[in-house]
Amino acid sequence: MAAAQATVEALDPNNASKGTLKIENTEKRDTLIASEKIYQQQWEQDRIFETDAPSTKEIPFGSISAEELRRKYPKFFGAMAYPYMNGTLHMGHAFTASKIEFSAGVARMQGKRTLFPQGYHCTGMPIKACADKLIREIEMFGQNFENCPTEEITNGEKDDEMPAPTQGTTKEDVTKFTAKKGKAAAKSVKMKYQFQIMLALGIPIEQIHNFADPQHWLEFFPPLCRRDMTAFGARIDWRRQMVTTDANPYYDSFVRWQMNRLYELGKIKFGKRYTVYSPKDGQACMDHDRQSGEGLGVQEYTALKLKVKEWPESAQRVLSGKLPANANVYFVPATLRPETMYGQTCCFVGPKVKYGIFKVTENEYFFVSSRAARNMAFQGIFSEWGVFPQVAELEGSEVVGTLVNAPLSVHQDVRILPMETVKPTKGTGVVTCVPSDSPDDYATILDLIKKSDYYGIKKEWAELEIIPIIETPSYGNLTAKFLVEKMKINSPKDTKQLAEAKDLAYKEGYYQGKMCFGDYKGKAVEEAKPLVRQQLIDANDAFNYAEPEGLVISRSADECVAGHLDQWFMNYGSQGDPAWQQQVLEHIDKDLQLYSAEAKNAFEQTIDWLGQWAATRSYGLGSRFPIDKQWLVESLSDSTIYHSYYTIAHLLHTDIFGVHKGPANVTPEQMTDEVWDYIFTRRDDIKSDIPLETLQTMRREFEYFYPIDVNISGKDLINNHLTFFLYIHLAIFPRSYWPKGVRVNGHLQLNGEKMSKSTGNFLTLNDAVAKFGSDATRVALADAGDGVEDANFEESVADTTILRLFELRKWCEEIVLEARLVSSSEEYVHARDNERVKNTDVIQRNGPKGFWDELFENELNGLVRETIQNLEAALYKSALKSGFYDFTSARDFYRSSCRAADIGMHQDFTRRYVELQALMLAPVAPHWAEYIWLEVLKKPTTIQNALFPAVPTPSPSLSAAREYIRTTSSAITSAEGAQQKRLAKGKLANFDPKQPKSLTVFCASAFPAWQDTCIELLRGAFDALSMNVDMKVLSREVGKAFGKAPEGKKAMPFVQGLKKRLEAGEEEEKVFGRELGFEEVAVLKEMVPGLRQTVMRCQRVEVVMVSEGGKKGQVVAGSGKGVEMGRAVEELPAVAEGAVPGGPTFHFENV
């Protein structure tokens, strides 16, 4: 078992995350996790998340419409794309799950009956392919792979000892895992076998053989998914869970019904079509069947037949005796622009590319790359399916100079010439040359003419006349020449510019061009292209050819081709069912909530290019295709409307396999197509041996919870699953049950890097919850981001959140459960200074509320409203800021203000804060919120059933006062800090911050007269209808008003500031009226105690009301030795002149 042991050491699942954050002191975390486990058990025991539609006993069936029922009893139904059961959930899954999980929490707090179900996707190739690999490996190496030689999985090279990969390091070869054996060097372990992958998943070696049975995967991984989601605290109704495939006969019946109805509707067709195909598997290879190349489709070409008329000597030597005398050999270039073939001047090959000559019929042979021949072998081009007999191999340089006949070309006979940029991985490796319209071809021709000796060709071979083929409005009738010269392209090696030029040429030619040569002269290119193509095919000068758009590798490690197959397919796209396509586009445009413009654009682009899609396969797990039972339903085609199955799954069965009947007491055989039609409102009459009351109960569940409110998934599934989800819903269900929303999220990075087991930067959901606890993990996921761009899970955020939650919980416990009440400031000071309390915050006031209480209450009201608004808009990062971080900041400010005033916090408002904080965090951190709700506040029932609080509209006056306090305090502390920095750098300062000092705050009751003048001028230049300011007029008027007066320099900046406020939408009267909304002196009086504590070594604070001009003033508030209320102050410092209402200035002075 040496090989297995080496793999175990190298692939210890713990190594996958060893580059992530390590937590050492876990006491606080463990305390939080202990509570989380208690509440998860309690929620499950109390069936908190099991949600049903209003019963037919509550609301008799048919007594009101489904729409009226939903209005009377608001509901929310959301789901995420069910995960594939070939492993455990990782943090990418968790990120997607968090979006629907938070949405469900919000919906519950809106008072809606909330349904969040979860199923398990098992259809398709991956599980079966892995199981089959294990069967082969057990045959080769034994049940526990004990006979696998170590050298089979190592490359024999020794690596130097390296530290574990961290957040900033990435291995070059991510398939290599290095086993570390103490200080000794270790051999690199190559991931060659399936049993190694199972070891990497943490499966013990002695259990791996069980996974050779595909059914075992279905039994093993779904319970782990439920375990992880439960530990995450997900609000899932687990009664509705199920596996796909015929392993669950109820779901199997559901899929067969779906296929039957789509076939009857003409949405499923049969015929020959191109599809990505795996020769090894013998079936179409769709997205979920792929190891790589997901999202790639088929590119169709016109393949031209350029008959060889004369070989050069170099080719004749290679071909001697390999071809029959009457053989017709054709160079076969593949083109996307058949309409330009009139202008062929030569044909290119890659001089260093290996080509083959392949036998098509007894006397017909094709010169192409072996990759192209392999593709053709599965398109009916060769005589035998999958066979492409090669009779010779040549290098491109050996055929340079060959004379060939070019169909349609005015030159008729052209030469084979070298082109160094030819790629054997694209097209056939043979490229026809049309220098009139292809910038690449034109640049290469110029290069060949210039360097004919270097390339070993005759110059005249490249000098054939370039004739105009297409007239364009922008580039004339020689598009390639125009663009190459305009973009200063000097060589075929200017690949970046050539790629841009090619794109411009194609778009201009296709959409704007007109044919100016040939049989279709005068026709638009868009119209002529298919006509020319068909003309070539009819003359046997061309044929259809296709290949995958890029490299596609199947789950069985097979390089896929484009096959031309008889198959069942979904009739998507403009070439299939254009009316269906348009229906989906209209739904996206008018009715579907997509949460971002980027998502909408992505859907529209996908629907524009998406074509017919294979609906069946012959290999894997799934349901039999009912129309042709030799086939299985393709994995993405049985996973489009499973959300509707969720609505009744709990009534059909009580286990994921449908072995045990559910409350409906029906068998799978009773679930006929007609029954499914009735349940899903496709018919109102039904003949069935199922009791009508049971049928009505199932239909009620569907009618109530449908349409789905939001389906959530990663953005990569727009290209298939999510688009199919829309197509099939619109085909199957009445309009009133079409989806209401789709939300997509970006991929999740971990600590700013791509998640990767090989670099040790990887976390499963189970790992994360074990490391940080559920709530801290959830908070970090909420903080990761809400858009379609890639998000980032920062472990440092989760780690910090543990401390935040623990300390806040402890504070809430003390403040509520250990409250020491006082009724006056004197009593507060006495208790604070004389009583032995761990935390002076527990000493709280009762009685009437004061200024700081009102300010705190008002700020909380504003934050609650902002948080609810963010939560309802699914902006969880913003909700976390307003409902957690800003909430804490508001508490801290209130606490420090009350401490400074020697009054203590008010019990009513501390308790209100605790309650509101629990409610605001309930969607994201429900366990923490539940603890506060039940154990601290002693509420009678779970917070999971609590509603969002109704709070008053924030007072503009108090909000303005709070902002004034914040900006004024910040300006004062910043000024003090600036002086400290000056001294630290050895510069002169206005005062020494470290020495005793006084602070004088200057405020004004009126604005300067020059500002009033500016406002009147601005009012005259402002157009209220257009919300514009004529700055030319205003600038001229300001100049006239102030001339060379010193205020003139301040006037325009002042006016610009007001202009920005107006253009930002601020109310006209507020800008021009300049009303503060609060009494400034009264607020400053309240601020004095706090300022005296905040400013270092502050002996005295005075507030001086300055008179017009800022030369004199009067003390209106203060604290400290020598403060004399009402004292007149003469000769104020220069900064006093800058004070305006709402904009105080200040002055420090050492005492």
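## Salt bridges in this model

A salt bridge here is a side-chain nitrogen of Lys or Arg within 4 Å of a carboxyl oxygen of Asp or Glu. Arg 374 and Asp 558 make one through their side chains, at 3.3 Å from N to O. That pair ties together distant parts of the chain, 184 residues apart: Arg 374 sits in helix H11 (residues 370–376), while Asp 558 is in the loop between strand S23 (553–554) and strand S24 (561–570). Helices (H or I, at least four residues) and strands (E, at least two) are DSSP runs, numbered from the N terminus.

Burial labels go by relative accessible area: buried is under 20%, exposed is over 50%, and partly exposed is in between (1.4 Å probe, protein chains only). Arg 374 comes out at 22%, so it counts as partly exposed, and Asp 558 is buried at 9%.

## What the model is

This is a predicted model, where local features need pLDDT of at least 70, side-chain atom pairs count only at pLDDT 80 or more, and totals for chains, interfaces and linings use all residues. Residues are numbered from 1 along each chain as its sequence is written, and side-chain values use heavy atoms, with hydrogens and water left out.

Searching the whole structure turns up 68 salt bridges. One of them joins Lys 128 and Asp 132 at 3.1 Å, N to O. Both residues belong to helix H5 (residues 125–141) and are 4 residues apart, about one turn of the helix. Lys 128 is partly exposed at 22%, whereas Asp 132 is buried at 15%.

Arg 820 and Glu 827 also pair up through their side chains, at 4.0 Å from N to O. Arg 820 is partly exposed at 26%, and Glu 827 is partly exposed too, at 31%. Then there's a network of salt bridges linking Arg 47, Glu 50, Asp 52, Asp 237, Arg 239, Arg 240 and Glu 701.

## Backbone spots to check

Have a look at the peptide bond from Tyr 706 to Pro 707: it is cis, with omega near 5°. Pro 707 lies in the loop between helix H21 (692–705) and strand S28 (710–714).

Two non-glycine residues have positive phi: Lys 488, near 55°, and Ala 874, near 60°. Lys 488 is in the loop between helix H14 (479–486) and helix H15 (495–512), and at 61% relative accessibility it is exposed. Ala 874 is in the loop between helix H27 (851–872) and helix H28 (876–900), and at 5% it is buried.
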